[in-house]
Amino acid sequence: MRNPAIAPYAARPEKSRGRLHREAPPRGRSEYQRDRDRIIHSTAFRRLEYKTQVFVNHEGDHFRTRLTHSLEVAQIARSVARSLRLDEDLTEAIALAHDLGHTPFGHTGQDALHACMRRHGGFEHNLQSLRVVDLLEQRYAAFDGLNLTFETREGILKHCSRQNARALGELGERFLKRRQPSLEAQIANLSDEIAYNNHDIDDGLRSGLLSLEHISGIRIFARHQALVLRQYPRLTGRRLINETVRRMIDTLVTDLIRTSAARIRKHAPTSIEEVRLASPLIAFSSRVRDECQELKRFLHQNLYRHYRVTRMSAKARRIVADLFDAFMTDTRLLPPEFQVRAEKNVARVIADYIAGMTDRYAILEHRRLFAIDET
Ligand code: MG
């Protein structure tokens, strides 16, 4: 099923470095389509619906969850991949899987779990995403995990410490040799950034934690808002925000495609191997990158550190720490399947259990363990 429209430097499913466990080739779909399909059918993927990054799941029905975030990333990544004649299915698979290892309660949850795991090898959501697809999903008779292709797994592992890279063999090699992953993986990575910067503005404004007046001081927002107001001078409220954000996304996607196409032309890679040896070829222009930096700083100071977010984060941190301590003290509190696994590496198994929880499940489990009137 060789697609002639695909560029020579694209990842080619028929030339995949393969899966950890040998399988017969798929019929009627490519290897990367099969990866994408397996991810969508996984339990961890369905849980993304009840996991959040900034807002906790019960705070409102219109905020992004990790599931809608992953779909937005996939949508952006596919557009970029198609424009650059890359493999859309691979970039989509990576985008849909990139957050599978996230703990409940977003970054706070991850930091809290990392603190609990400090003396047990730490916790890193990126590595956990790989653990989910390599090990934790239990669906197939012949192997643990989803048995995805090397290229999808390589894309999921965005960053990695040298110490962890050494333990990962072939997959960790690029971090030790400072090589790049496929262009499809690079696209999924930057599409993640486009998606969260824009939806955090949208969610921030929707929640009232950010004000339109305040964010209008940020260059990238200001220049797109000015474009909207030139065309619709009387526009206000949600429509003004939506028209501004959609123009920002368009600018970022267009800039990413244009800048990357120029870099690809300049380096002229003739294969994925040459892509891996080159500097990162998927990139924003320096102007857009600077503007994004400014926006990120703004979101850090005003949204992620807003006292209402901090208040929720403090609660989330306590929940994760309490759960971890309770299970470490008495592993009989774990569900039976985890008790069996906990005989080998207790702390890691507890981390797997907690990381797999959705926001609401973690809250419920905490109540079951600590509330006297709960059974
Ligand atoms: Mg993400």
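Aspartate 37 and arginine 29 join their side chains in a salt bridge, at 2.9 Å from N to O; the term denotes a side-chain nitrogen of Lys or Arg within 4 Å of a carboxyl oxygen of Asp or Glu. Arginine 29 is partly exposed, its relative accessible area being 28%. Here buried stands for under 20% relative accessible area, exposed for over 50% and partly exposed for what lies in between, with a 1.4 Å probe and protein chains only.

The model is predicted: local features need pLDDT of at least 70 and side-chain atom pairs count only at pLDDT 80 or more, while totals for chains, interfaces and linings use all residues. Residues are numbered from 1 along each chain as its sequence is written, and side-chain values use heavy atoms, with hydrogens and water left out.

**Salt bridges**

Side chains of opposite charge can pair when their charged atoms come close. The structure contains 34 salt bridges, and three of them are listed below.

| Aspartate 37 | Arginine 29 | 2.9 Å |

Helices are DSSP runs (H or I, at least four residues), numbered from the N terminus. Arginine 153 is buried, at a relative accessible area of 9%.

Since aspartate 352 belongs to helix 18 and arginine 341 to helix 17, the pair ties together parts that are eleven residues apart in sequence. Aspartate 352 counts as buried at 4% relative accessibility, whereas arginine 341 counts as partly exposed at 29%. Salt bridges with shared partners also join Arg29, Arg36, Asp37, Arg78, Arg82, Glu88, Asp89 and Glu92 into one network.

**Pockets**

The largest pocket holds about 800 Å³ of space. On a 1 Å grid over the protein atoms alone, a pocket is an open set of points where a 1.4 Å probe fits, with protein on both sides within 12 Å along at least five of seven lines, and lining residues have an atom within 4 Å of a point. Grid points are joined across faces, edges and corners, and the volume is the space filled by probe spheres set on them.

Its lining consists of 34 residues, and Gln53, Gly106, His107, His300 and Tyr304 lie nearest the centre. By class, ten are nonpolar, 15 polar and nine charged; Ala, Val, Leu, Ile, Met, Phe, Trp, Tyr, Cys and Pro count as nonpolar, Asp, Glu, Lys and Arg as charged, and the others, Gly among them, as polar. The largest pocket lies between domain 1 (28–309) and domain 2 (313–370), because both give residues to its lining. These domain bounds come from an automatic or database domain assignment.

The second largest pocket holds about 590 Å³ and is lined by 25 residues. Arg47, Leu136, Phe338, Arg341 and Asp352 lie nearest its centre. The classes here are eleven nonpolar, six polar and eight charged residues. Each of domain 1 and domain 2 supplies at least three residues to this lining.

**Magnesium site**

His69 (NE2), His98 (NE2) and Asp192 (OD) are the protein donors of the magnesium ion, at 2.1 to 2.4 Å from it. Donors are N, O and S atoms within 2.8 Å of the metal (3.2 Å for Na, K and Ca); water is not among the atoms, so sites may look incomplete. Along the chain the donors follow the spacing H-x28-H-x93-D. Histidine 98 lies in the loop between helix 4 (88–97) and helix 5, and aspartate 192 in helix 10, so the pair ties together parts that are 94 residues apart in sequence. Histidine 98 and aspartate 192 are both buried.

**Local backbone details**

Most residues other than glycine have a negative phi. Arginine 178, although not a glycine, has a positive phi of about 55°. Arginine 178 sits in the loop between helix 9 (173–177) and helix 10 and is exposed, with a relative accessible area of 69%. Alanine 268 likewise has a positive phi, of about 40°, and counts as partly exposed at 43% relative accessibility.

Conventions: Helices (H or I, at least four residues) and strands (E, at least two) are DSSP runs, numbered from the N terminus.
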